[in-house]
Amino acid sequence: MTIDEIKSVSIVQFLETEGYQYAYIHRGNYWYLSPFRAESSPSFNVSPTKNLWNDFGASSGGNIINLVQKMHPSWNNHQVLTYLEQQIKNHNLKYAEDYETMTKEQQRRNAWNKSHIAEKGNERKSITFIDCISNLSHPNLKRYILQRRVDFEVAQEFCKEIHYHINDKHYYAIAFENVDGGMEIRNKYCKRSIGKKTISVIKPNGESHSECCIFEGFFDMLTYASIRKWMMDIQLCVENDCDYIVLNSISNIKSALPYLQVYDVVHCYLDNDAAGIATTKKIKDEYSNKVIDESVRYPNFKDLNDVINGIVKE
């Protein structure tokens, strides 16, 4: 078997063969008592659609190979793969989704992306005309938001739905407004801006707070707000209510710095990469006595949305 084939085998089925039964299913995801420690409240999550696991209690996760590696830390890679191949054969484990279908879909996407590169380049040079802005409701946009594991009602609170056209082609997307009336535009296939690109300042419930959380992108902010709404005890959120500041690009950090003056505490939820670290340092250089680097809450993940999706940082 190839590595990709092994990775595609259902983690839920594999755990069952190992004697682990899920405690409950929430929003299509399976929750277990962690196989790595004794606990009374399930903190181990498996997403069957992504076929990834996430141990929120230890801030770790990954695919089925990573799981066996953590279960048997003394094993080398050959022992891990041999064991998995044997278990797959003995228990007739199935792919989380049809492997050939998944491969063909990836090939189709690659071909689509290649054929549209030139077209997208021309669109960027064209004028964007906004047809309408409304409350977020399109089923495809809802599906995309839920795939990112963000609460749809939270997305509706902070985002809008935009319909626009470029030349003779019409599009729709999620719209997130910034302080100058520009918008960040997202859907499953598109990531762009309309109007001036700058930061966004959000005051939940229309109230100002003495503390703020600063994020790089609005999906990280939506993830944070979703976790607070769900009251998930995974130690990602700060205790107090905060305002939200979204950079929309780390290049906007200079625009954000003056807004931070009014806050007693600034919580930095930036990416765990070189750019995120450098941006947090810039904020600390300006307001060192009140800045907290909250990226230590998710050391094994690039950002907050990766945490909730179980995408471990390489």
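**Close-up views of a sheet and a helix pair**

**View A. Helix α10 lies across β12, β14 and β15, with contact meaning heavy atoms within 4.5 Å.** Helix α10 runs at about 155° to β15; axes are lines fitted to C-alpha atoms, for helices over the stretch in contact, and angles run from 0 to 180 degrees between N-to-C directions. Helices (H or I, at least four residues) and strands (E, at least two) are DSSP runs, numbered from the N terminus. This is a predicted model, in which local features need pLDDT of at least 70 and side-chain atom pairs count only at pLDDT 80 or more, while totals for chains, interfaces and linings use all residues. Residues are numbered from 1 along each chain as its sequence is written, and side-chain values use heavy atoms, leaving out hydrogens and water.

**View B. Here is the open sheet, with five strands in the order β11-β13-β12-β14-β15 and mixed pairing.** Two strands pair if DSSP finds at least two bridges between them. At the edges stand β11 (200-202) and β15, each with a single partner strand, so one side of each is left without a neighbour in the sheet. On average, neighbouring strands of this sheet are turned by 20° against each other, direction ignored. Helix α8 (residues 218-230) lies across β11, β12, β13 (243-246) and β14, and runs at about 155° to β13.

View C. Strand β12 (residues 211-215) runs parallel to β14, joined to it by five bridges, and C213 stands opposite H267 of β14. Three bridges pair β14 with strand β15 (residues 291-293), also in the parallel sense; here C268 has D293 of β15 as its bridge partner.

**View D. Helices α3 (residues 64-71) and α4 (residues 77-91) pack at an angle of about 115°.** Their axes are 10 Å apart. The two helices are therefore roughly perpendicular to each other (65 to 115 degrees). On the α3 side, the contact is made by I64, I65, V68 and Q69. On the α4 side, N77, V80, L81, Y83 and L84 make the contact.

Technical notes
Parallel < 35°, antiparallel > 145°, perpendicular 65-115°, else oblique.
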